[in-house]
Amino acid sequence: MQVNYLKRQAEFKALLEQQGYSAMLVLGHENIRYLSGFSGNAAYALITQDACVLITDYRYHQRAIAETTGFEVVCRDRDNETLGHCINRHLNPNSHVAFDASYVTVAIWQGVADELTGHTLTAVNGLIEKLRRVKDNWEVAQIKAAAAIADEALAQTLPYFKPGVTERDLALELEFRMQKLGSEGMSFATIMLFAERSALPHGNPSDQVLKQGDFVTLDFGAVVNGYRSDMTRSYIIGEASEKQTRIYNTVLDAQNAALEMVKSGVNCLDLNAISNKVIAEAGFGEYAGKGLGHGLGLFLHEVPFINTLTDYNLEVGNVITIEPGIYIPGYGGVRLEDDIVVTESGFEVLTHAPKPFIIYC
C-alpha cells in the first residue's frame, strides 16, 4: 500500500501545535488507522511533538508492529498496568492533552483522567477529521474499488428481484455476493425495503414479500482496506403508476440538478438547496429527506455533510454522496445515491450501477 503515514503524522502534529496542544490521545479506531495503518481495535494512539505511540495488548501486539509506520508499539500488560498509567509515562510533565471525545465512554475516560491529574485535558471533536475530509489518490482508489464491488454484486443480484422473495433474502444475497467479490464486510447494515416500507429512510430488512407494483429501495456498500462505498437504488417491480413515476423522476431530477453544480468551491448549502427546490416544485417538499449527502471514507458518514447547516466549500479530493429522497409514510419512497470525488475539472462518479426504474418480471 502506498500510503505516506509519516506525512499524515507530520501534518497532524503541525495542526496540534497550531491549536495549542502538546499531545493528543486518539481513541477512534478509524482515526488511529488513518494516522498509523493499524487496522485492529483494542488500541489507543498518543501523538506528541516528539513521538507517536500505539498502546495495545498481547492480542494485537505483533499485528500492530507489522501494520504501523512511524509508531512505537507498546504492549500494555492489562493485569498489571492501567491505561492511564501507561499513557502518563509517555507524556512530558504538565502537557496540554487533547482527546477524541466522541470515541470514549464517560466511565472509561474518568478512569484514565484520574491518573492524568498532572496534565491539562481538553475534549475535542473533528480535529483529525479535518485532515481526512480531503482524500489522496490512494484513498480515492480504495473507495473506487469498493464501489466497483458493490456495482458488480448488484448486477449479480438483480435477477433475484422477483415476486415472492423477501427483503431479508435479497439483502443476504447481495451481502454474500459483495463478500465473494472481495469486500472486507459490509460498509453498513444493508437496507432492503419493499412497498410502503421503502418510506423508511433507514429500515431493517424484514420477512415482507415482494409483490408486483412494489417500490424497492436498497442502500448498501462494500469495504476495501477500511474505505467504504455507499449506493442507493430504487425500483418498481412490474408496471409503475403515474404517481410512482412522478416520485422517481423528481428524485432523479433533484440528483441531476445537484450533480450539475458540483465543482471545487461550490458551497454545500447551495447543493442542498437546489435539490430541495426541485423536489418542492414537484409538490413533494414535505416528504423530502433532510440532507442531500455526506462525506465518505473510513467512516460511512464523515465531513463534509451536505445539509442546511454545513457552510463548507467543496475542495478537490472531497469524496461525497449525492442522495436526494422522497419518503411518503404509508405509501413508499425513492432514494438515489451515488458516490463522487471532486476533481480539478468538476467531479468523477465512482458508482456505476444503472438506474432502471422498472424491473420487469
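Visitor: How many helices and strands does the protein have?

Guide: The protein has 10 helices and 19 strands, where helices (H or I, at least four residues) and strands (E, at least two) are DSSP runs numbered from the N terminus. This is a predicted model, in which local features need pLDDT of at least 70, side-chain atom pairs count only at pLDDT 80 or more, and totals for chains, interfaces and linings use all residues. Residues are numbered from 1 along each chain as its sequence is written, and side-chain values use heavy atoms, with hydrogens and water left out.

Visitor: What is the strand order in the open sheet of six?

Guide: The order is β4-β3-β2-β1-β5-β6, with mixed pairing; two strands pair if DSSP finds at least two bridges between them. At the edges are β4 (72-75) and β6 (120-124), each of which pairs on one side only.

Visitor: And β2 with β3, parallel or antiparallel?

Guide: Strand β2 (residues 44-48) and strand β3 (residues 52-56) pair in the antiparallel sense, over four bridges, and A45 stands opposite L54 in β3.

Visitor: Changing topic, which residues does the Peptidase M24 annotation cover?

Guide: According to the unreviewed UniProt entry, that domain covers residues 142-344, although such annotations, given in the numbering used here with feature names shortened, may be inferred rather than shown by experiment. The span is 32% helix and 23% strand, and its end C-alpha atoms lie 19 Å apart.

Visitor: What share of the whole protein is buried?

Guide: Of its 361 residues, 54% count as buried, meaning under 20% relative accessible area with a 1.4 Å probe and protein chains only. The C-alpha trace spans about 70 × 40 × 35 Å along its principal axes.

Note on methods:
Buried < 20%, exposed > 50% of the residue type's maximum accessible area, 1.4 Å probe, protein only.
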